[in-house]
Amino acid sequence: MANEFNKYSIKNQLNITIEVNYFSRLNSTGYVDDYATMLEILVKQKKPKYDLYFYDNVFSIKYGPYLEDLRKWIPSEHFEIYESGIAPKSCVYGKKWVGLPINIDITFLYYNHNFLNKYNKRIPTTWNELFETGKYILEEEKKLNNTEIVIYNGLFSRAEIGTCSLYEFIYSYRDSVDSSFPELQSEESKNAIEMIKKIKDELSSNEVFQSNEMFTGSKFSSNQFLFQKFWYFPSITAYKFALLPGRKEGISGSVIGGYNLGMSKYINEERRNAAITAFKFLTSKELQKKMVLENNVISAIPSLYEDDDVCSFLDCDIFKNTQLTNRPTNKISDYDEYSKKFREYIYDYLYGNKTSTEVLKSIDDITRIYSISFDSFLGVFVFSLTIFFSLIMLSSLLYLKVEKFSFRLNFLSKSLLILSVIGGCIFLNSLNTEIGEIKKIRCHIELIMLCIGETLNIVPVLCQLMINFPEENKYSRWISNHKFIFVSIFVILSIIESVLMFIKPYNVKKYRISNGELYRICEIDSNFGKVLIFMIILNKSLVYLCLGFLIFVEWSIKETSTDLKFLLSAIAIDILCLLIHVGLKFTNLKNKYYNIYFAVYSALIFIYSFSNYMFLYGLKYFICFIKIDNENEIIIKNMYKQYNNKANAQNLNTQTSQSTPNTQFGPGTQFSQTSPSEFGVISNDSLSSNKSKGSGLHGISKKIMAYHNQESLTDSNTSMNVKKSTLSNSQIYN
């Protein structure tokens, strides 16, 4: 080819010469074992040493990043003659044409016409027909003491030819000529490898099937074969060949070999222009035709096999009707490793004890990305539960409009209670981001939902506890008057923390778990991301510490004692869930048994969300729902109405006299603050004696214990109307 171009260059005064460098074990470095490895080293160096590369067509994916997109430099008309053939499958990397075929290799079914004629059998067109013909002739030859005959060689060896033989056999079991390669776990693939085993067991042997090309060549020489699969060799003139059989007549399959020609990305403009000229000549239809006629090569230009000159030299029908496929080079970047595993797994069935279903799943698992899908039982179960419990939690809020329930649920105001329940639903539904294909954006959405959901679920409780603080202070008053601003500060902080993760985003990595399945998992690799996650956990931990402190301080207050016990139970469960989740991280369960991890993780999220809902709201709602009106309840309602009337009058007086702002102790419950002691709240003045008695840590501890021992938000001199709030909790649970 190079000589042809050089002659062409001289004739047309192009002043371009092709020099071909051949690499072999004799002139390549000692650690390079083969041409593919050597070429990979060369292209990865990104040096402009070579302009054009000849490479095996299975490596378009491997070398593609380092080769030029030919469509940028060569007219589209040059590609049109190749597009109807196998070239688009063997020369394209991504959307780039990184090469064109110089030649292709094809396997055919060689047959011994002597035996077929002897027993009056025709050339088989299906594998079943080959099996029946082979079985009959084998039995007849045994009667003649011919034990040397090979019915079918297979070429299922441990080398790359074994992968070719397996792949084209499965391809021949597709439904129709235009069908794509069967799914590996389909019935077609299963039937194909089971037919291979049937032919081996009944017509051949392990030794024959695992033999290499040398064995096949020896059978050609000895004439002791019926059918042999082999590459097209014009020098084999004593035997004819036909298309390989298929599952049904009219369907066949042959894997291609051969070499492509590609152009380096790293050469300068002058050398690129010269390389383009040479490339166009070497892949032209004219030169390809000459190579077919003079060198008996197979061209990848389909229209050549309609040329009269070519068809007078070759049997064009057989080449036109060949149903070609390429090897699975796009399955994985390291094709060599994939090819090795592909044949080894199937050989575990052909020559071992595994089932066809097992080995096909193992092959499929090499590249299949598994996920907790909406089609799986676990995915449907988790998704259904999240929707079901979310609907229960949200629909129960409708009962806040019913007086029978709303006046009993007075620990949190209606607005804070709604925010808390919505937060629990958001937190719970973060699980749905783990169902389906895992992508980077899903990783970030899950983090945002977890952060915001947890904040909305817990911060309203923190807000109410700070409002209920036993000692009057400016912070509690401000929070009481600006509840939504207080909660919004925490929500905005959570959003900022989550959005900052986009600076150094999650990475989605593939992990092969213990059963061989491949899963995508969200991971943080950057130090920035790890620090940010630590800060998020630290902020949440501080909130829980504040909750714990406020629960201790307000523990003895009878009006909220039941609520605080429920709240403490919820926090204990939350912390337990967090510890279990951290423990899962240290056990590396996620990377080994992903399904089990997801099930446990889902259970933790469910327990967290629903336990918070039940302890903060659900149990009260349930008690209210099953409790019938009784005399006590009627009294409470009357007292509640009396209190509202008095509170309204006090509010009017307060507005007229420009008294101090209100402090809210419950939903719709306001007290005019003419004097802090009127409500039993410990004022700064009333604690002055405590402050004078101690200082430092001792004084602080005494003050905290004073808060802890306080039993009521109201004192003994407060009127019965004001004591409505003390009844609201104590009577509900009696």
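**Cysteines and a helix pair**

Analyst: C443 is buried, at 2% relative accessibility. Buried means under 20% relative accessible area, exposed over 50%, and partly exposed in between, using a 1.4 Å probe and protein chains only. This is a predicted model: local features need pLDDT of at least 70, side-chain atom pairs count only at pLDDT 80 or more, and totals for chains, interfaces and linings use all residues. Residues are numbered from 1 along each chain as its sequence is written, and side-chain values use heavy atoms, with hydrogens and water left out.

User: What does a disulfide join C443 to?

Analyst: To C522, with S to S at 1.8 Å. A disulfide here is a pair of cysteine sulfur atoms within 2.5 Å. C443 lies in helix α21 and C522 in strand β14, so the pair ties together parts 79 residues apart in sequence. Helices (H or I, at least four residues) and strands (E, at least two) are DSSP runs, numbered from the N terminus.

User: Is C522 buried or exposed?

Analyst: Buried, at 18% relative accessibility.

User: How many disulfides does the structure hold?

Analyst: Two. C311 and C316 also form one, their sulfur atoms 2.2 Å apart. C311 is partly exposed at 29%, while C316 is buried at 6%.

User: Switching to helices. At what angle do α24 and α25 cross?

Analyst: Roughly 150°, and their axes come within 11 Å. Axes are lines fitted to C-alpha atoms, for helices over the stretch in contact, and angles run from 0 to 180 degrees between N-to-C directions.
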